[in-house]
Amino acid sequence: MKPRLIVKLFILALFVPAIWGRDDAYTRYIEEYSTMAMEQQSAHGIPASITLAQGLLESRAGQSSLASQGNNHFGIKCHKGWEGDTLLRNDDAANECFRAYSSAAQSFEDHSRFLLKPRYKPLFDNDVTDYISWAHGLKACGYATDPNYAMRLITIIERYGLYLYDTDAHKKAEEDTGFIREMLMGKHPVRKSRGLHCVIASPGDTYSLIAKELGIAAKKLLEYNDCKQDGEIKAWEEVYLQPKRDTAPDGVAYVSIGEGESIHSISQRFGIKESVIRSLNPKAKDKSGTYLRLR
């Protein structure tokens, strides 16, 4: 092994565990399913990084009820023609039908075949290493209704260096130290949602930690995000660096609170002040399956 490569791997061994300290479930998921994702890339041409990021996001690193009870790692709904087992869950609407599988491997294979449908054909015009175009393409093709779906996928891919699984292992290991530098710096790159500056929270993040990193007053950050006190933030949720909007995005009038969501997380997803949502829905219950007016 080349001396330069030994030094790189040694640095990674020292620093990566510290960076991922609170992400145990996510790193375990990557360790368990990265080979499966690479096999799907080899068989069908879908970037392993995209498959892993979608699995991590959709299944909450294998912890969602869809994944734990039905081996559904990608939130794929039944759709017309599905003849397998099913589970009902609250998502864009109450009691929606989702596919259930006998194994995670079956879920990964079905995810690939799902993306091979004509609807997703434009994705394959992108290079297999262009995870940014794939992420935006998935959103454009209608894989998810979440307006920030692509941004979340890109954040996950870059946080865990999942793009390394899109290329040959030896080439990955011998890349420039830029990977190490990226892992150690820019933990929360500033992005935009609805024209608002924001970052995406990682597992274990708190408002005070993000405020300290970005040099923002914690009190202001809490105010921008409709929070009265500091606490752990929902993984992969937006954290706004300026006040949210008073109106919903164009074309969004109603939403349903999905599994693991709340009125607050809906307000973060759409960049609309929580007080506005509550004023439009004074009798709404803050629980899964509740319909909310956004305008």
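This report describes selected features of a predicted protein model.

**Confidence of the model**

The protein chain has a mean pLDDT of 87, and 86% of its residues reach 70 or more. Over residues 5-20, however, the pLDDT is below 50, and this stretch has 22 contacts in the model beyond near neighbours in sequence. Where pLDDT is low, the predicted coordinates should not be read in detail.

Strand E1 covers residues 86-89. Its covered face holds Leu-87 and Arg-89, while Thr-86 and Leu-88 form the uncovered face. This arrangement can be set beside a general rule. In a regular strand the side chains alternate between the two faces of the sheet.

The partner of E1 is strand E2, residues 96-99; the two run antiparallel and are joined by 4 bridges. One of the paired positions is Thr-86, whose bridge partner in E2 is Arg-99. The hairpin has 6 residues between the strands, and Asn-95 takes a positive phi near 50 degrees there.

**The disulfide**

A search of the whole structure finds 1 disulfide. This disulfide joins Cys-78 to Cys-97, with an S to S distance of 2.0 Å. The link of Cys-78 and Cys-97 is left-handed, with -65 degrees about the S-S bond. Because Cys-78 lies in the loop between H4 and E1 and Cys-97 lies in strand E2, the pair ties together parts that are 19 residues apart in sequence.

| Cysteine | Relative accessible area | Class |
|---|---|---|
| Cys-78 | 7% | buried |
| Cys-97 | 30% | partly exposed |
| Cys-141 | 14% | buried |
| Cys-198 | 0% | buried |

The classes follow from the cut-offs: a residue is buried under 20% relative accessible area and exposed over 50%, and partly exposed in between. Cys-97, at 30%, is therefore partly exposed.

**A buried histidine**

The loop between helix H4 (65-70) and E1 also contains His-73. His-73 counts as buried because its relative accessibility is 3%. Leaving out residues up to four places away in sequence, the residues that His-73 touches include Tyr-29, Tyr-33, Gln-54, Glu-58, Ala-104 and Phe-108.

**The sheet of E3, E4 and E5**

An open sheet is formed by 3 strands in the order E3-E4-E5, with antiparallel pairing. Strand E3 (191-193) and E5 are the edge strands, and each pairs on one side only. Neighbouring strands of this sheet are turned by 55 degrees against each other on average, direction ignored.

E3 and E4 are joined by 3 bridges. They form a hairpin with 2 residues between them, and Arg-194 in the turn has a positive phi of about 60 degrees. On the other pairing, 3 bridges join E4 to E5.

Cys-198 has a place in both pairings. In E4, Cys-198 is the bridge partner of Arg-191, and Cys-198 also stands opposite Tyr-240 in E5. Further along, Ile-200 stands opposite Glu-238 in E5. Strand E4 is mostly covered, as 4 of its 5 residues are buried.

Helix H10 spans residues 207-214, and its buried residues are Tyr-207, Ile-210 and Ala-211. They cover an arc of only 100 degrees around the axis, so they lie on the same side of H10. An α-helix has 3.6 residues a turn, so residues three or four places apart point the same way.

What do the buried residues of H10 pack against? Their partners are strand E4 (196-200), helix H11 (218-224), strand E5 (238-240) and helix H12 (263-270). Just after H10, Gly-215 takes a positive phi of about 70 degrees.

Glu-274 is found in helix H13, residues 274-280. Is Glu-274 buried or exposed? With a relative accessibility of 11%, Glu-274 counts as buried. Apart from neighbours within four places in sequence, Glu-274 is in contact with Asp-226, Lys-244, Ile-263, His-264 and Ser-267.

Notes: Residues are numbered from 1 along each chain as its sequence is written. This is a predicted model: local features need pLDDT of at least 70, side-chain atom pairs count only at pLDDT 80 or more; totals for chains, interfaces and linings use all residues. Side-chain values use heavy atoms; hydrogens and water are left out. pLDDT is the predictor's confidence in each residue, from 0 to 100. Contact means heavy atoms within 4.5 Å. Buried means under 20% relative accessible area, exposed over 50%, partly exposed in between (1.4 Å probe, protein chains only). Two strands pair if DSSP finds at least two bridges between them. A disulfide is a pair of cysteine sulfur atoms within 2.5 Å. The arc is that of the directions from the helix axis to the C-beta atoms. Axes are lines fitted to C-alpha atoms, for helices over the stretch in contact, and angles run from 0 to 180 degrees between N-to-C directions.
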